[in-house]
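Hello,

Here is the structure we talked about. Please open it first, then read my notes below.

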Amino acid sequence: MKTEYYNKPIKEIEESFNTSVQSGLSVGDIKRVREKFGENALQEKAGKTLWKMIVEQISDFMIIILIAAAVLSIVAGEVIDGAVIIGIVVLNAVLGITQERKASDALAALKRMAAPKAKVIRDGKIDVVDSKELVPGDLVQLESGDYVPADLILVESANLKIDESALTGESVAVDKKPGIIELDASIGDRTNSAYMSTIVTYGRGKGVVVATGMNTEIGKIATMLNETEDSRTPLQEKLSSFGKMLGIICIFVCAVIFGLGMLRGEPLLEVFMTAISLAVAAIPEGLPAVVTVVLAMGVTKMVSRHAIMKNLGAVETLGSTTVICTDKTGTLTQNKMTVLKVYDGDDEWQVSGTGYGFEGNIDSDTNKNPDVIDKLLKAAVLCNDSKIKEEEVIGDPTEGALVVLAAKGGMDQEVLNQTYPRLAEFPFDSNRKLMSTKHLLDNEYHMFTKGAPDVALSRCSKILINNEVRDITDEDRTRILEKNNSYAKQALRVLAYTYKIINKQSDLFNEEQDLIFLGLSCMIDPPREEAKAAVELCKKAGIRVVMITGDHITTASAIAMQLGIIESADETLEGSRINDYSEEDFREKVKTTSVFARVSPEHKVRIVETVKKNGDVVAMTGDGVNDAPALKRADIGIAMGITGTDVSKEAADMILTDDNFASIVDAVEEGRIIYSNIRKFVGFLLSCNIGEILIIFIAMLSGWAVPLVPIQLLWINLITDSFPAFALGLEEGEKDIMKQQPRDPAEPIVDRTMKIALAFQSVGLTVAVLGSYRLGFVMAGDISPELQLTVARTFCFTTLIIGEMLRAYSARSEYKSLFSLKIFSNKYLNYSVAGAMMLLLIVVYVPFLQPIFTTTSLNLGQLSIATVLGIVPLFFGELAKKVK
């Protein structure tokens, strides 16, 4: 059982780890301690072995049939055919394994990029090291903005506040200080402890490392997640069941053909090879490779749209998303507090610009109280512990917004702090809700105080207005409170500013009364500019956006209304009321609720599970460890790449590299495009396979010689058809794809629309190819039967390939006519068709290849007829689009 240290005195902790709270560990002890406890890093779940990956790749039913066909071909003496089939199996396995390794490497690289540093004291000297090098007993120094690098027991603190939302879900930073906590206290109540992956928002402190790596509280959750097995995606299930169905049909047809041949007394070897031909014809050998490569290329394309997919199959699920459950802060909003207005007690000043850049101005219609604004801005900067560096805030985001506000008013924080250094301070605390600092300005000692408007105003006896100090009246108080309430109703965060002239010896602790009121500022974390357009696009695409946040319901509702997520407060629900609903009532409630505020991690899980029970496909965003269970339960878990913890990234299916809601919508669109393209090339490949089965089956029933030999079928299925299929997989998305309703995830790939298309196209292909085959005998002239058969097979082979190439252009859209598209706009398809035609000519006309492929040279007239017949499948493909 793990030893707990939060209820033990510091002296006992020092003895347990042979450390000192003044000088830390001895450098000479580090190696020994690390050997005992290991690196301070979260362990990844053991990856698949190469052997397991190979077994998974070759255990597909279609692949098993191909292997059987290869073995039987070799046994029958057709070594070339068998070798080619084995080559196909090996190629598919290599592609699949390579892509799986790439996805794993991408996540590992992301983790390396996120590795934080730690400030550690060893032998009394401070040093900065990678956090993974920390060991139990190390003395770590914490400052505002630092990530806590391991689990610590605090030995020193000064106004220390830590944001533990990544671990507990608590949105308010927790006050931390040394001490002894009673045993069995919850993590959130252990105020003497700091936990790995939480962040210091205010103050400073020191702590002794008591747990590292998988022994930390974060590590415990990572352990639970590692025990969860990943389930197969809908696309994998569909392709697997479809492969089994194809395999069973293949075996049945082969058995029928073999039986017919034996009944008719045909040579055993000939019947056997015909059955093998049918097996090869029935299976789209290129399909697994094409699906894998197209998904991989789609995933690569998603990276440019700020989304990293951890597994290929999740792309298809993403494309069928019906509900996106999203956090507010940083995803829908900029996560950059911005001051919008300043009120000087009489006049309102507008502040332009957003974020932590200094671009912007402070203006009012009258500009009649510039001295008041000048003093207010000095109060905002001097009574402040945050800094702005390269448009990033170091410290509390609210105080960072005040530094930016002052800069827009022409005041430089560094210059002000040097000119008017802080002489004393009375730090902010949650009880009195104020912060005060002491400075020497113009030979007078000033105390600047900022804090909650109602508290600060109650401490004021005077007001600076119209550039003079006078007694504050009840009318002044009423006017200021009304302005404060009006800002609060708009979900704006309001701060009040005051000052007081004090003596050099004054103790700030006793001076926070009889203050002079300066004014108010109001701020908000503004919505991302692109988020509103993204929400509107979701509505058109039939996707409902649900905001789930730990923030107050007023703030959440205001942002949701600005973004168009809700239209009234009736569509909101506070977390405290969720448990009041029965299972059945809550299922109905979530259908009409689009904002959940002040929710706990347990609430998030219940919301996601309930939405799924209603038949929706749910995408869920999260950044903290506490979000991991909901991310796992969602159909698509989406982690934040910037603010997200390692554990949330591990639990997720997708990682956003910019933490932006618009990128989720972009990824959904890309998912729809990829799935649409998969349907296009699956339909293209299957119609060819069905056509090949019909061609051989009908020829066999008619008592004709087999029109296509196995090596020809392999060439068509693997080379000729696969490259146009790749090209279809790279087709640009159709313009109306985000205006269509989400697809039913239970809908099979081969739905009614595709069945109609397959019927038309395979019949068209069969008619054209068998027609060409019979014409080949006629146009062969008076030659030996063996040569006539070779000419006929060459006709058949040529018409089939040309028909497939022309039909590939028709397959670019399942609904739109070829002639309504820019016919040659897919350059990859143009290259594929040109390459396939070139290869066809080589196979037909190069002498040493003719015996291998059972072909012979055609004259211009014969080639023209075989080519013209290739137009028939294109006609049937276009005709299928007219049938609903």
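**What I found**

Strand 4 (residues 151-163) and strand 7 run antiparallel and are joined by 10 bridges. Please keep in mind that this is a predicted model. Within that pairing, K161 sits opposite Y202 of strand 7. Strand 7 also has strand 3 (residues 139-143) as an antiparallel partner, through 5 bridges. There, L139 faces V208 of strand 7. Is strand 7 enclosed or open? Buried means under 20% relative accessible area. Of the 13 residues of strand 7 (residues 199-211), 10 are buried, so the rest of the structure largely encloses it.

**Strand 17 and its partners**

Strand 17 (residues 444-451) is mostly covered, with 7 of its 8 residues buried. Strand 16 (residues 434-441) pairs with strand 17 in the antiparallel sense, over 8 bridges. L440 stands opposite Y445 of strand 17. The hairpin of strand 16 and strand 17 has 2 residues between the strands. In that hairpin, D442 takes a positive phi near 50°. Strand 17 is also joined to strand 20 (residues 493-502) by 7 bridges, again antiparallel. M447 has K500 of strand 20 as its bridge partner.

V323 stands opposite R544 of strand 22.

**Helices 19 and 20**

Helix 19 makes the contact with E583, F586, R587 and V590. Helix 20 brings R606, I607, T610, V611 and K613. By type, the residues of this contact are 4 nonpolar, 1 polar and 4 charged.

**The cores**

The largest nonpolar core has 142 residues. Those with the most contacts inside it are F517, I565, F661 and F681. Helix 23 (residues 661-701) gives the most to this core, with 20 residues. Leaving out residues up to four places away in sequence, F661 touches I324, T326, T331, L332, A531, A534, V535, C538 and V545. A second, separate core has 37 residues, among them L377, L382, I388 and M523.

**One serine to look at**

S762 is found in helix 26 (residues 752-779). Is S762 buried or exposed? Its relative accessibility is 3%, so S762 counts as buried. S762 and C688 are 74 residues apart in sequence, and their C-alpha atoms are 6.4 Å apart in space. Neighbours within four places in sequence aside, S762 is in contact with S687, I690, G691 and L694.

Best wishes

Conventions:
Residues are numbered from 1 along each chain as its sequence is written. This is a predicted model: local features need pLDDT of at least 70, side-chain atom pairs count only at pLDDT 80 or more; totals for chains, interfaces and linings use all residues. Side-chain values use heavy atoms; hydrogens and water are left out. Contact means heavy atoms within 4.5 Å. Helices (H or I, at least four residues) and strands (E, at least two) are DSSP runs, numbered from the N terminus. Ala, Val, Leu, Ile, Met, Phe, Trp, Tyr, Cys and Pro count as nonpolar, Asp, Glu, Lys and Arg as charged, and the others, Gly among them, as polar. A nonpolar core is a set of buried Ala, Val, Leu, Ile, Met, Phe, Trp, Tyr and Cys residues joined through side-chain atoms within 4.5 Å. Buried means under 20% relative accessible area, exposed over 50%, partly exposed in between (1.4 Å probe, protein chains only). Two strands pair if DSSP finds at least two bridges between them.
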